[in-house]
Each structure stands twice: as structure tokens, then as C-alpha cells.
Amino acid sequence: MGPIAGNTLARLAGTSIKRRLGARYPYFCSWYVTSKCTTRCEGCVFFERLRTSGPDLSRVEALGVVDELAGSGLPVLIFVGGEPLLRPDLSELLKRAKRRGMYTVIFTNGAPITPDITRRLSPNLDVMIVSLDGFGHGHDTIRGRGSFASAWQGLNTYISHRAFKKSLVYANIGLHKGSINTVPMLVHELLSSKVDKIKLQPNFIPSFKPDPKEALLVVDFLENSWVKNPDRFAVDKPYLDRLRTYFERDDNREYCGAPSLAHIAVLPDGTVSACCDFLLPMGSLREKNLQKILKTDPVRLREQARHCAGCCRRDYMLVQDFLDAPLRNLTLSGLTRALKGYVTPA
């Protein structure tokens, strides 16, 4: 693996140092840039847990959010939704983020991807991630009839029309009770495709969690596939081990790293949440600046987090295991491992 791109490495190192000095600056931010979406998927974290009632941020407000996040030294900015590709000024926000030195990622359902969108976004986009919750009818069961075909077409459209090969394409496999039995076929198809990396994402809403026995069999299959094709997966052994633990246990709250503010969320109306999967509101960027919001009492956040059934987010694990470890452990190989889920070395 080559060196991580210089801007990302410098920002990650800078954030690590600031956190060791006591400031809770984030490494990652998931920005829900719009509440609009083309579908209403079963188990969607946004519509089940994070949807807010206020209007979406305006173009001027959104550009201000980019500047505030950049000013905090944020290394990785992830654009999500709703469906982020429905936001008309997305290319402008993306360009601003890239010029301010952040590593840029988009999560999409894939359907809105066209050659024109690809050509406009890819020059300022490091990773396009298309969500797939299974193969064929398995995906359609969660996201609606015909959605798999649309997502698969979007995935391949981006691969074919991206302006630079360095703008990568990931497939994010959702491990969902309604479609987990189709995941092996999906992995087989993805390994035969030109997708750059495969991510794994369990559903963090308890009612959509797969049957443990079925899920563990699939995790065994995924680990075998990873061992045979390590360069095609954005996972590692510790993450796969925690994935097993997540499916085996009914309560995973001991893993919660949200109060550390390692990975925050900005919701469409400017609300800042300490977690990007469960609403832990700290304040609104329409009312106060990010630095003040980041000073929210972590004890209060931990109390709020008790209402969540827990998760196995790799970024929270990495903060505990490496990123916030003693400064002497801040090594290039460690940084590469820490960012493997979103950031690919240049």
C-alpha cells in the first residue's frame, strides 16, 4: 500500500494531536445534506432515527458548514442523505470541501448516477459508495422493485465515466435481515466487477438485525472471501471479529464511542449529532458555531446513548484502539489501517 494522500495524513495527524491535548475534534463527519430521497428503504437509519423537522440548509448556510468543518481540521467528510445526489448544489459543496483539504466521500443508492453527474462530481470526489442490501430480489425487498438494477447501473456508470481513476467506487453491503441470504451471490458478482472496494455495514436498528445463526454463517463466508481477496475489501480481522460479536449479543452498548465525538453527524437542518446512526443532538449550526457545539458535556451524551441498542462501528473501535492511543503510536501503518474503511492510500 502506498502513502496516504498528504492533506488527509496531515489532517488526521493534526486531529489526533488536538484530541490528545483534550479537544474533542472529529475525525469523520457524516453530513446528511438533504432530507429528500428517491426511496423509503426498510431499516433506513435516517428516516427511522435521524429525520429532523426543520428545512434543509440553504446553499449559503451549507457552504458555511463546509468552512466550519474545514476550520476544525476535519480529515474526512462523508456526504449522505436522504439521497445526497438530489441536492442541486452538491458539486459546489464538494468542490469547496476538496479545496479546503478534506477527503471527500459520497454515500448514494446509485439510482441518480448518470454520466453527466459522474463527470461533474468525480474531479473533487475521492470515493463514491453505492449501497447494496443484497443481490437482485434481496436488495429489492429492502429498497423497492427495480432498485437493484438501478443501483447496479449507477455503480457501473460511475466506473465507466469517472474523470480520474483515483476517484474510487466502493460497494457498501448492508447486512439486513430481509436480504442477508443473498449476500454471498452479491459478493461473487462484485468480485467479478470493476468495483474498487467492498464495505460491510450491519443494520443498527434492532428490529432489522438478522437472525444470529444466519448472520454468523454469512460472516464466515465474508471472512473467507476477504482472506482470498484482501485488496478488494475495506475491512480487517478486528472488524470481522466485532461483527460476529455484534450479531451474537443483544446489547452492544459497551462499544459506544459516540461521546468521544470521533464521528459526528450534521443533519439536513444543521443539527449536530454526536452519533451518525442515533440521534444524540448537541446543538444547531444555525444557532452557534461548531467549536461551541463540540464542547457539549460527554456525560450527558453517554446518558442519552443508553437508549440505543449499540453497534459495531469500525471508526469508534479504531478511536479506542489506535487513533486516541498514546501519541508515540501514531504511525503511518496505523493511520493507513485507521482510514481503510473510507480512505484508500494514494
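Student: Why is Arg244 called buried?

Tutor: Its relative accessible area is 18%, and buried means under 20%, exposed over 50% and partly exposed in between (1.4 Å probe, protein chains only). So Arg244 counts as buried. A quick note: this is a predicted model, where local features need pLDDT of at least 70, side-chain atom pairs count only at pLDDT 80 or more, and totals for chains, interfaces and linings use all residues. Residues are numbered from 1 along each chain as its sequence is written, and side-chain values use heavy atoms, with hydrogens and water left out.

Student: And what makes Asp241 partly exposed?

Tutor: Asp241 has a relative accessible area of 32%, so it falls in the range between buried and exposed.

Student: How do you know that Asp241 and Arg244 form a salt bridge?

Tutor: The rule asks for a side-chain nitrogen of Lys or Arg within 4 Å of a carboxyl oxygen of Asp or Glu. Here N to O is 3.7 Å, so the pair passes. Both lie in helix H10 (residues 237-248), three residues apart, about one turn of the helix. Helices, by the way, are DSSP runs (H or I, at least four residues), strands are too (E, at least two), and both are numbered from the N terminus.

Student: What makes Asp196 and Arg162 a tie between separate parts of the chain?

Tutor: Their closest N and O atoms are 2.9 Å apart, a salt bridge. Asp196 sits in the loop between helix H8 (183-191) and strand S6 (197-202), and Arg162 in the loop between helix H7 (147-161) and strand S5 (168-175), so the pair ties together parts that are 34 residues apart in sequence. At 22%, Asp196 is partly exposed, while Arg162, at 11%, is buried.

Student: Why is Arg24 said to have no salt bridge?

Tutor: The nearest side chain of opposite charge, Asp297, is 6.5 Å away; Lys and Arg count as positive, Asp and Glu as negative, with His and the chain ends not counted. That's beyond the salt-bridge limit, so Arg24 has none. Its side chain does have a polar atom 2.7 Å from the backbone oxygen of Pro259, and it reaches the backbone oxygen of Leu294 at 3.2 Å.

Key: Polar contact = N/O pair within 3.5 Å; in protein donor to acceptor, adjacent residues only side chain to side chain.
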